[in-house]
Amino acid sequence: MQKATPLLWLLFSAGGTLAALLYPVHLALVGLAIPLGLVEPAAYESLRTLLAHPLTRLYLLVFVSLPLFHWAHRFRYTLYDGLQLKHLTPLIVALCYGTALVGTALCAWMLWTV
Amino acid sequence: MSRHTAFHPRWYRPRVSVWWWLEKRAYALFVLRETSSVFVALVAGTTLLQVRAVKAGPEAYARFLEWLGTPPVLAVHALAFAFVLFHAVTWFNLAPKAMTLRLGGKKVPDAVIAAANYAGWILASALVAFLMLRD
């Protein structure tokens, strides 16, 4: 665990930067503007074509994976400090980074089998 | 690193309430900032559902769009948007403290680094909107 710490901080930082740059616009469009009818959603066929492009899939993998590790790292320390659960460290660590790993694997599999 | 011990007779450890972060505005903002990560993970989850729907075909994608428009999902996404914005603003404001750039032996002013981050944010947002909305 000690040896992994620098890597985990790197993933936290990269994921935080990606989420800050790209998540607001993605969520504003997909979660709000499209369902509220403020903008027209792209036609299904063009989304399908977009998803078939290898660069799109690489983008989506990074887009999902890095912020999941950002969440895992931040949430882990929030649980420790906020709720004073230091004695549950191994469980929290396994659940947080485990979820990020599973999410990444699931995303990679979904994009691989497009 | 020493292992955590539940109780040590020689140490004085006053009990701190689990609600310590409500005592000061700065503490509460700190906890809100950390909580934003939960909504970051939620957006990643919505993206996974979107990819699954596009893969499954036009009907599944239409159902996904319908699901996005249901009131509970809209409400959660509106809340998530507020948190994701809060994350972005706090992240960019901390950027000058996290990285110190030197040009010609002089420290680049904090405001310049923050401004560069905000400019990158606007540019990336415009690019994503263009790519997602064109037909």
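The radius of gyration is taken over C-alpha atoms, and the globule rule used for comparison is 2.2 Å times the number of residues to the power 0.38. In this predicted model, chain A has a radius of gyration of 17 Å, whereas a compact globule of 114 residues would have one near 13 Å. Along its principal axes, the C-alpha trace of chain A spans about 50 × 30 × 20 Å. The secondary structure of chain A comprises four helices and zero strands, which follow one another along the sequence in the pattern α-α-α-α. Of the 114 residues in chain A, 38% are buried. Among the contacts in chain A with a separation of 6 or more, 77% are accounted for by residues 24 or more positions apart.

For chain B, the domain assignment gives two parts, domain 1 covering residues 15-88 and domain 2 covering residues 99-135. The centres of domain 1 of chain B and domain 2 of chain B, taken over C-alpha atoms, are separated by 24 Å.

The contact between the two chains takes 48 residues from chain A and 46 residues from chain B. On the side of chain B that touches chain A, the elements that give two or more residues are α1 (25-56), α2 (58-68), α3 (71-98) and α4 (110-133) of chain B. Of these, α1(B) gives the most to this side, with 17 residues. By residue class, the side of chain B that touches chain A divides into 31 nonpolar, eleven polar and four charged residues.

Note on methods: Residues are numbered from 1 along each chain as its sequence is written. Chains are lettered from A and ligands numbered from 1 in the order in which they are written. This is a predicted model: local features need pLDDT of at least 70, side-chain atom pairs count only at pLDDT 80 or more; totals for chains, interfaces and linings use all residues. Two residues are in contact if their C-beta atoms, placed from the backbone, lie within 7 Å. Ala, Val, Leu, Ile, Met, Phe, Trp, Tyr, Cys and Pro count as nonpolar, Asp, Glu, Lys and Arg as charged, and the others, Gly among them, as polar. Domain bounds come from an automatic or database domain assignment. A residue is buried if 20 or more other C-beta atoms lie within 10 Å of its own, exposed if 12 or fewer, and partly exposed in between; C-beta atoms are placed from the backbone.
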